[in-house]
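Subject: Structure handover

Hello,

Here is the structure for you to look over. My notes follow below it.

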Amino acid sequence: MFPNVESNLWIVKDFTADHSHRDAMDDSGQYDRRLATTPAIDRVFARQIEALLRPGDILFMLSTSGRSQNLLLAADTAGKLGGTRVALPGQDQTPLDQLTDFAVNIPSPNGQRVQEAPLLCGHLVVGIIEE
């Protein structure tokens with residue numbers, strides 16, 4: 001949909017005792033993803049994380065390059081707020097790796113393969129949770 005956007009992120013929120021949950025940030029409409037590619041607002045994700053993330057929450061970040069300034073600032077902010085940071089960037093040794101608690105690099109020069117890998121990982125995680 002937005003061909004210049006190569007990053008996504010989600011916050012997985014802890015569930016409260018009454019089984020309700022706080023709002024989760026994702027890329028489905030709380031902000032316009034095109035804004036995330038504008039240099040003047042590299043903090044678009046970080047600002048949302050400041051408002052939504054609580055200690056114990058998990059931030060999942062997907063990035064083809066692992067170098068997007070908006071994700072680097074998001075990862076840094078989440079770490080300062082006590083969140084666990086998980087990234088699935090492409091290639092090896094990206095700057096995002098250094099700012100996460102867990103990084104699973106997708107070693108492919110093909111951006112499409114890098115973007116498809118998280119789908120498989122997501123299905124595996126859901127399968128494990130459902131069992």
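**Strand pairing and crossover**

Strands S2 and S3 (residues 84-89) run parallel and are joined by six bridges. Strands count as paired if DSSP finds at least two bridges between them. Isoleucine 58 stands opposite threonine 84 in S3. From S2 the chain crosses through H2 to S3, a right-handed β-α-β crossover. Right-handed means that, with the strands pointing away from the viewer, the path from the first strand over the helix to the second runs clockwise.

**Ground rules**

This is a predicted model: local features need pLDDT of at least 70, side-chain atom pairs count only at pLDDT 80 or more, and totals for chains, interfaces and linings use all residues. Residues are numbered from 1 along each chain as its sequence is written, and side-chain values use heavy atoms, with hydrogens and water left out.

**Whole chain**

The protein chain has three helices and four strands. Both are DSSP runs numbered from the N terminus: helices are H or I with at least four residues, strands are E with at least two. Along the sequence the pattern is β-α-β-α-β-β-α. Of the 131 residues, 37% count as buried (under 20% relative accessible area; exposed is over 50%, partly exposed in between; 1.4 Å probe, protein chains only). The chain exposes about 7800 Å², and carbon and sulfur atoms supply 57% of that (Shrake-Rupley method, 1.4 Å probe; for residues, only the protein chains shown count as cover). Take the contacts with a separation of 6 or more: residues 24 or more positions apart account for 61% of them. Contact means heavy atoms within 4.5 Å.

**Core**

The largest nonpolar core holds 13 residues, and Ile49, Leu59, Met61 and Leu96 touch the most other members. Helix H1 (44-52), strand S2 (58-63) and helix H2 (69-80) each give two or more residues to this core. H2 gives the most, with five. Such a core is a set of buried Ala, Val, Leu, Ile, Met, Phe, Trp, Tyr and Cys residues joined through side-chain atoms within 4.5 Å.

**Threonine 77**

Threonine 77 sits in helix H2. Is threonine 77 buried or exposed? Threonine 77 counts as buried because its relative accessibility is 8%. Leaving out residues up to four places away in sequence, threonine 77 touches Arg43, Ala46, Ile49 and Glu50. The C-alpha atoms of threonine 77 and glutamate 50 are separated by 7.1 Å, though the two residues are 27 apart along the chain. A polar atom of the threonine 77 side chain lies 2.8 Å from the backbone oxygen of leucine 73.

Best wishes

How values were computed: Polar contact = N/O pair within 3.5 Å; in protein donor to acceptor, adjacent residues only side chain to side chain.
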